[in-house]
Amino acid sequence: MAALTADLDRYERALREQGFTLIAGVDEAGRGALAGPLVAAAVILPEDFDREGIDDSKVLTRLQREAAYARIVDGAVSYAVRRIEPEVIDARGLHRSNIALMRRCVKALDVAPDYVLTDGFPVPRMPCLSLGIKKGDAVSASVSAAGIVAKVTRDALMRRLHRRYAEFGFDHNKGYGTPEHWEVLDRLGPTPVHRLSFAGVGQSSLPGFGRDDVVRA
């Protein structure tokens with residue numbers, strides 16, 4: 001695990017060598033889901049934070065993510081979580097919503113960072129210098145931490161939505177386009193928490209639409 005931890009810290013270490021001290025990682029959860037909010041988080045970890053157990057949220061189990069989440073929010077210099085609801089995604093578009101949400105998270109931090117690392121793509125008009133990193137949640141501890149916070153927060157929101165829309169199985173599919181989810185969509189039609197702008201979702205109660213029509217995001 002020591003080698004993985006060192007590898008995850010290489011971006012932050014290089015930035016600290018250049019004089020940056022408050023480095024924020026930003027990541028989102030739910031980008032490709034058919035239903036539910038898009039959730040993003042920004043996290044500034046202290047230099048001496050124990051990175052054991054910090055990794056890409058997708059490769060961690062629920063128990064591992066929740067344990068990591070507790071340590072992150074307890075030990076972070078600062079963290080912020082924000083979300084965008086489906087109707088806003090439908091109106092503004094997914095990518096534009098994603099970019100705006102990441103920027104909002106950074107601005108919501110109660111300690112201003114001097115550098116920001118974002119997962120996947122650059123975010124314009126950040127309040128400080130920033131860098132978009134391909135697969136950032138797998139190569140940067142700060143981005144991984146943000147991904148864990150966003151994922152745990154969103155999963156809890158989806159379990160809450162499951163109480164209202166139990167037929168859709170949000171407690172386990174988290175709004176993503178599983179075959180089971182598409183079958184219920186085809187049978188019952190979308191709910192108010194579905195993203196109607198995603199291919200096939202708004203028309204899912206009509207013949208000819210199914211899981212192959214999902215937007216891959």
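**Figure 1. K135 sits in the loop between β5 and α6 (136-139).** This is a predicted model. Phi of K135 is near 55°. That value is positive, in a residue other than glycine. Most residues other than glycine have a negative phi. K135 has a relative accessible area of 56%. The residue therefore counts as exposed, since the cut-off for that class is over 50%.

**Figure 2. R125 is another non-glycine residue with a positive phi.** Its phi is near 60°. R125 belongs to the loop that runs between β4 (115-119) and β5 (129-133). The relative accessible area of R125 is 62%, so the residue is exposed.

Figure 3. Along the sequence, their order reads α-α-β-β-α-β-α-α-β-β-α-α-α-α. The C-alpha atoms fill a box of roughly 60 × 35 × 25 Å along the principal axes. The radius of gyration is 18 Å. A compact globule of 217 residues would have a value near 17 Å, so the chain agrees with that expectation. Of the 217 residues, 52% are buried.

**Figure 4. R82, R92, R96 and R104 form a positive surface patch.** One of these residues, R104, lies in helix α5, which spans residues 94-108. R104 has 39% relative accessibility and counts as partly exposed.

**Figure 5. A salt bridge joins R159 and E66.** The closest N and O atoms of this pair are 3.8 Å apart. R159 belongs to helix α7 (residues 141-164), and E66 to helix α3 (residues 62-75). The pair therefore ties together parts that are 93 residues apart in sequence. R159 is partly exposed, at 22% relative accessibility. E66 is also partly exposed, with a relative accessible area of 29%.

**Figure 6. D56 and K58 pair in a salt bridge.** Their closest N and O atoms are 3.1 Å apart. The two partners fall into separate accessibility classes: D56 is buried at 10%, whereas K58 is exposed at 62%. Buried means under 20% relative accessible area. The bridge is one of ten salt bridges found in a search of the whole structure.

Figure 7. E183 is partly exposed, with a relative accessible area of 41%. R187 is exposed, at 51%. Elsewhere, salt bridges with shared partners link D9, R16 and R51 into one network.

**Figure 8. H181 is a buried residue of helix α9.** The helix covers residues 179-188. H181 has a relative accessible area of 0% and therefore counts as buried. In sequence, H181 and V106 are 75 residues apart. In space, the C-alpha atoms of H181 and V106 are 33 Å apart.

Note on methods. Residues are numbered from 1 along each chain as its sequence is written. This is a predicted model: local features need pLDDT of at least 70, side-chain atom pairs count only at pLDDT 80 or more; totals for chains, interfaces and linings use all residues. Side-chain values use heavy atoms; hydrogens and water are left out. Patches are made of residues with over 30% relative accessible area and no salt bridge: like charges are joined within 9 Å, nonpolar side chains (Val, Leu, Ile, Met, Phe, Trp, Tyr) within 5 Å. Accessible areas come from the Shrake-Rupley method with a 1.4 Å probe; for residues, only the protein chains shown count as cover. A salt bridge is a side-chain nitrogen of Lys or Arg within 4 Å of a carboxyl oxygen of Asp or Glu. Lys and Arg count as positive and Asp and Glu as negative; His and the chain ends are not counted. The place of a charge is taken as NZ of Lys, CZ of Arg, CG of Asp or CD of Glu. Helices (H or I, at least four residues) and strands (E, at least two) are DSSP runs, numbered from the N terminus. Buried means under 20% relative accessible area, exposed over 50%, partly exposed in between (1.4 Å probe, protein chains only). The radius of gyration is taken over C-alpha atoms; the globule rule is 2.2 Å times the number of residues to the power 0.38.
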